[in-house]
Amino acid sequence: MKRLLTGLLFIICSLFFSPAGAQVYLDENMPIEQRIDDALSRMTLDEKIAVIHAQSKFSSPGVKRLGFPDLWTDDGPHGVRPDVLWDEWVQAGQSNDSCVAFPALTCLAATWNPEMARLYGTSLGEEALYRNKSVILGPGVNINRTPLGGRNFEYMGEDPYLTSSMVVPYVQGLQSKGVASCVKHYALNNDEEYRHQVNVKVSDRALHEIYLPAFRAAVQQGGAWAIMGAYNLYNDQHNCHNSILLNKILKHDWGFDGVVISDWGGCHNTEEAIVNGLDLEFGTWTDGLTMGRTNAYDSYHMAEAYKQLIKEGKYTTKELDEKVRRVLRLFYRTTMNHHKPYGFLCSEAHYDAARKIAQEGIVLLRNEKIETRNGKGAASLLPLDKSKSQRILVVGENAIKMMTVGGGSSSLKAQHEILPLDGLSRFLTGHDYILPSPLGEGLGVRLDFARGYVGDTIQTFDGVSTGRSLYETRSQAELTAEAVEKARQADVVIFFGGLNKSDYQDCEGHDRKRYELSYGQNELIEALLAVNPRLVYINISGNAVAMPWANKVPAILQAWFLGSEAGNAIADVLFGDVNPSGKLPYTWFRQLEDCGAHALKAFPGEWRDDHKIIDEEYKEGIYVGYRWSDLPAKVKRSMASPSLKSQISNLKPLFAFGHGLSYTSFNIENIVTDKMEMTATGNMTLTVSVKNTGACAGATIVQLYIRDLKASVDRPVKELKAFQKVFLLPGESREVTLTIGRDALSFYDERTQEWTAEPGDFEALIGFASDDIKEKVRFELR
Ligand code: BGC
């Protein structure tokens with residue numbers, strides 16, 4: 001009896017007073033899956049329900065009783081968003097939540113440098129850690145299907161291979177800091193207008209070949225810990241609880257072990273959410289308590305309603321436990337990881353990273369020779385010569401507009417943002433631009449500015465204000481007259497135009513209404529050209545725009561939304577301290593109709609009679625971007641309905657996918673393969689010699705495209721399957737080796753629902769852009 005009592009006492013003591021080691025869920029030496037089992041076994045139904053939905057705008061609760069802290073998420077993807085109030089979108093007014101704004105993801109993609117993506121991820125991770133954010137809502141990897149896409153600036157272009165190559169190191173870099181990447185918006189979120197109502201109809205082939213690869217790479221190669229369901233519908237079911245996308249593809253086929261988080265307000269149905277793979281619900285009734293409910297969060301689909309269904313016996317806790325298991329896994333990877341570094345906000349290293357990424361992403365689209373001012377010969381306008389005495393006139397609102405504020409959820413409170421005009425001024429004088437020009441004639445470069453047009457003067461978002469007024473009282477005629485008059489006197493005119501992240505101008509919530517530039521920019525450019533053809537056009541945007549004047553403007557630069565270091569990076573490139581090496585991550589069509597989705601009138605879809613759902617059929621299928629422009633006209637016409645056939649254009653893009661110039665020149669030669677026949681399981685290695693044939697150091701990107709010469713299905717003319725960025729000194733040459741495997745030759749076979757590589761002949765095309773192929777070699781897959 002005494003023994004029995006002692007035994008009982010021991011069990012009771014070890015239950016209540018055991019050291020942490022005995023509590024498996026807290027024991028860091030135990031495998032995570034066992035810790036999860038233990039934690040799960042200790043949780044009550046209420047605690048389980050609590051961890052699968054939000055408790056505030058950006059946080060969900062942990063399990064306080066067991067020592068799991070709250071989970072804080074934050075946007076994403078270009079910097080850590082400032083804090084909002086618990087239940088409002090309004091700023092919390094913290095004084096320590098300014099951040100470094102990194103360049104928008106289109107710019108990152110334009111670096112074609114996975115190391116820049118890793119640097120981006122690690123830097124952002126450090127900022128997030130300091131701010132105690134465990135999940136960053138990004139990166140976005142939706143495909144640029146149309147240049148009207150309002151959020152394309154947050155994504156990485158049109159090509160699945162490029163996007164996949166860039167998302168993996170971003171995710172790995174971020175998560176190396178113990179901060180989860182929530183890759184978004186899964187999937188087919190290619191429209192902003194009516195984003196909650198668009199029902200996408202797309203072929204399985206296009207889904208798997210174009211729209212899913214980057215998500216798959218993020219999951220399988222990057223090891224993403226979270227993924228965000230998109231607002232739109234696919235196959236008549238909202239993507240946040242879409243059985244095909246979540247249960248079948250993501251969790252079953254790809255083996256995703258992380259958490260599916262709903263986009264904010266993207267969950268619409270409790271039972272679908274229960275059975276179709278949503279794990280964590282955020283933002284339903286995104287205006288929170290202002291809806292008048294006493295506790296909006298209890299009214300979430302995965303809150304009281306779910307609990308009730310369990311209590312009624314309609315569901316067991318089977319699905320719930322699976323969701324909680326995933327959430328706990330996320331806790332162990334983030335909030336419960338006690339070996340994370342402390343983090344660092346606004347460090348010099350982060351500014352350096354932002355500047356480096358911006359410098360590498362800027363794309364020199366055009367740099368034609370033009371007659372010199374003194375009429376002695378012709379020369380390119382760029383790079384500008386800072387040592388030469390000259391009058392530089394800067395025109396355009398985008399030279400003085402902050403771009404980190406605006407655009408929707410990616411809007412930031414940047415600790416600083418160097419405006420383009422200030423960047424140029426700092427480069428020349430060491431300080432910001434002060435009106436009027438600080439430099440007198442004869443003292444070197446004279447920098448002057450004319451506003452030229454008025455675009456968006458608001459400059460605030462969700463309570464973050466730039467603190468600068470762009471208010472303007474002069475009429476357009478007066479602004480034009482001033483700019484033209486100053487341009488007449490200038491040696492070179494630099495026009496900063498493009499889009500500006502206000503509504504319909506590259507901004508969440510709306511797609512662009514037109515491909516053309518707004519605010520009379522085209523007319524202004526023509527007026528400037530009439531008095532001074534020495535014009536550099538710098539386009540600020542995340543999308544292509546129509547440039548009807550392109551062949552009259554000698555130099556064109558694509559400078560994206562570059563973040564904190566925008567002006568510095570632009571000046572570095574304009575004055576040649578940095579040789580541009582960015583390449584376009586999407587096709588720059590001459591006109592909207594040259595893009596497949598528009599040529600086939602397959603955007604933005606058709607409303608159903610009840611006006612609740614808009615069906616959008618991706619009629620162009622796999623032919624997105626250069627895959628469409630590459631097609632012969634007759635193939636394009638065969639895809640068009642009779643009424644559209646005659647209108648199908650066959651214009652070459654203004655600037656092709658992969659295009660980007662340099663201040664030096666490069667040559668590719670001597671393509672050598674390690675074999676002429678590839679086996680189903682083997683790889684093939686291609687080596688080329690790349691030489692810098694110009695006078696200054698620089699980098700280029702060797703791009704490898706694959707063409708399937710004969711297949712049982714239609715295949716694109718070519719597809720990007722490998723690339724490498726190479727930095728070379730003048731005269732230097734280097735061997736670049738690119739390796740491809742069977743996946744580079746495969747297509748998604750809709751009959752077998754598998755990736756297939758058919759034996760036969762292929763061509764490997766190597767060059768500097770999709771329209772600049774220098775070498776090719778034929779080989780066979782056995
Ligand atoms: C956006 C997401 C964002 C979320 C939270 C949504 O409206 O679509 O990309 O992460 O809000 O701000």
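Before you start, note that the model is predicted, with local features needing pLDDT of at least 70, side-chain atom pairs counting only at pLDDT 80 or more, and totals for chains, interfaces and linings using all residues. Residues are numbered from 1 along each chain as its sequence is written, and side-chain values use heavy atoms, with hydrogens and water left out.

**Stop 1: the sheet**

Select β10, β19, β18, β17, β13 and β14: in that order, these 6 strands form an open sheet with mixed pairing. Strands here are DSSP runs of E with at least two residues, and helices are runs of H or I with at least four, numbered from the N terminus; two strands pair if DSSP finds at least two bridges between them. Now look at the edges, where β10 (363-367) and β14 (445-450) each have a single partner strand, so one side of each is left without a neighbour in the sheet.

Next, pick out β13 (residues 390-395) and β17 (residues 492-498), which run in the parallel sense and share 4 bridges. Click on Leu393 and you will find its bridge partner, Val493, in β17.

**Stop 2: aromatic pairs**

Rings of Phe, Tyr and Trp (its six-membered ring) pair if their centres lie within 6.5 Å; planes under 30 degrees apart are stacked, over 60 edge-to-face, and the rest tilted. By this rule there are 32 aromatic pairs. Show Phe102 and Tyr120, a tilted pair at 5.3 Å centre to centre with 40° between the planes. Phe102 lies in the loop between β2 (71-74) and α4 (105-110) and Tyr120 in helix α5 (residues 114-130), so the pair ties together parts 18 residues apart in sequence.

Buried means under 20% relative accessible area, exposed over 50%, and partly exposed in between (1.4 Å probe, protein chains only). Phe102 counts as buried at 2% relative accessibility, and Tyr120 counts as buried at 0%.

Move on to Trp112 and Phe657, another tilted pair, 5.4 Å centre to centre with 50° between the planes. Trp112 is in the loop between α4 and α5 and Phe657 in the loop between α21 (642-645) and β22 (666-673), so this pair links distant parts of the chain, 545 residues apart. Both Trp112 and Phe657 are buried.

**Stop 3: charges over rings**

A charge sits over a ring if NZ of Lys or CZ of Arg is within 6 Å of the ring centre and within 35 degrees of the ring normal. Select Arg145 and Tyr618: the charged end of Arg145 sits over the Tyr618 ring, 3.7 Å from its centre. Finish at Lys513, whose charged end sits over the ring of Tyr504, 4.1 Å from its centre.
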